[in-house]
Amino acid sequence: MLETTKVCGGRIEERVCEDMISALPEDLLVNILKYVPTKDAVATMVLSKQWRFIWTMLPKLVYKENNLDKSKKSVWWFLDKSLQLHKAHVLQFLLIQLGPQCPSDADVGKCVAKAVDRRVAVLILELLWSADPVSLPNSLYSCATLEVLYLSHKILVDVPCTARLQSLTVLILRCVVYKNDESLDRLLSGCPVLKLIIVKRIKDDNVKRFTVKVPSLLVFKYEYYDHLDIPYSDGEEDSEVEEDSDVEGDSDVEEDSDVEEDSGRGLVIDTPALTGFKFTDYSGDSCSIEHTPCFEQAYIDVGGNFPDMDNFLRSFSSISFLKMDLTNEMIRCCKTIKFPRLTVCRICPWNSDWMDSLVPFLENTPKLKSLIVDYHSVVSQRLTNKPPMASASWSETGYTPECLSSSLEKFELIDYTGREEELELVEYILSNSGILETATISMRPLPDLNLKDKDAMMKKLKDIPRVSGTSQLVFKN
């Protein structure tokens, strides 16, 4: 490379500068390009003859639409041409995201087939275009090297009888449609080492009985709204198991006391090794859990018309971590179900009389160590700004639950506003928890709350007598 410099006397001198990067071994240059966007990596081909084919050996390719500017040309044209030039024997990671600007005749199946031929390990395919759902090549469903498969939106899951994904450990299906129930069954039965499944269903996805029979499965996340008009937003909730999640819903959901006749639709879970379960369902379909799994963690958020709630909740009686978005029916059932192993419980109250059932519930959790009451996660409350109400006698039971005197160490109330019911709840916990270590109160930011009022709210809480002499009261904004 030539560098021009001006020296004393106005004389111009040219000298050759050493290109240290180009002197590196080819495999190291490929490794460097792995950490830059695919489009920039391809652009390095114009630097010199040595760089011309470096990018073609990349083991990772990412193609994403510019969703901020829909008027721009689709990434499909760049994807189609660059993938034809790609020469690497192994393509470990391929991400393709196509949006509305993508031409409807784009041959995505050809790209998938090429990835399979290159022994792809991670395939992420998201089709947000306006075309009809497309089938993928049969070779995808017998790819021996595939470890992670993510299919999203305009994809028709049409699985052949020969399906066998012997290395697949993670399967994510978001808002796709299926050819039929049997196609889903063939897909799951052909995954002998599957550990994580994440499903987000849409209405009319062609599956009546969503059966998950996977002996190796450890974690299952399932989300289905069906009749509610809820936007299917893309989030980062799919790559790993999370205990907390906000649910975007309708504030006018009403609990229906009339259970509809069984339509045969529903979710069937037969996964004896399952330890983690996240279940969000507002469809009104049934859920059958067979061969009770070894549940350790569960998050349950269901609509008021969920059938056979009592039998469903009893499947989680041996669980150690439980998060529930409470409905009136759930509350009634929890009063009669014992949770002998439950140590951590997070409650997200809806507009219900949940506090009237709190004491009987605590009586059924003798080993509870941590109790979290989260008003912030409640959809109806966030939209109406009116938290659930409690009766005046909710704590007048005449007895103290065993967990309060012998096991409860941490209590947290999220989105505290100073309501009388909230103050009573904190007072009940502090005055009855014998070995409590910390009570954390997260204050909700209120537009009309000045510093003086906030200090008054905190003083009321500090003045509450505590039976545990070592407990600490912690405030968060």
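I take helices to be DSSP runs of H or I of at least four residues, numbered from the N terminus. The model I examined is a predicted one.

Entry 1, helix α4. I looked up residues 108-117, which make up α4, and noted that Val108, Gly109, Cys111, Val112, Ala115 and Val116 are buried. These residues cover an arc of only 160° around the axis, which puts them on the same side of α4. I then asked which elements the buried residues of α4 pack against. I found α3 (76-85), β4 (93-98) and β5 (122-127). Just after α4, I recorded a positive phi of about 60° at Arg119.

I turned to α5, residues 181-189, where Asp181, Ser183, Leu184, Leu187 and Leu188 are buried. Viewed down the axis of α5, the buried residues fall within an arc of 165°, so they line one face of the helix. Their cover includes β8 (155-157), β9 (170-174), β10 (177-178), β11 (196-201) and β12 (209-213). At the start of α5, I noted that a side-chain oxygen of Asn180 comes to within 3.2 Å of the backbone nitrogen of Glu182.

Entry 3, a sheet. I traced an open sheet of 3 strands, with parallel pairing and the order β6-β8-β10. β6 (134-135) and β10 stand at the edges with a single partner strand each, so one side of each has no neighbour in the sheet. I looked up the pairing of β8 with β10 and found 2 bridges in the parallel sense. Which residue of β10 is the bridge partner of Val157? I identified Tyr178.

How values were computed
Residues numbered from 1 in each chain as written. Predicted model: local features only at pLDDT ≥ 70, side-chain atom pairs only at ≥ 80, totals over all residues. Heavy atoms only, no water. Buried < 20%, exposed > 50% of the residue type's maximum accessible area, 1.4 Å probe, protein only. Arc of directions from axis to C-beta. Contact = heavy atoms within 4.5 Å. Polar contact = N/O pair within 3.5 Å; in protein donor to acceptor, adjacent residues only side chain to side chain. Pairing = 2+ DSSP bridges.
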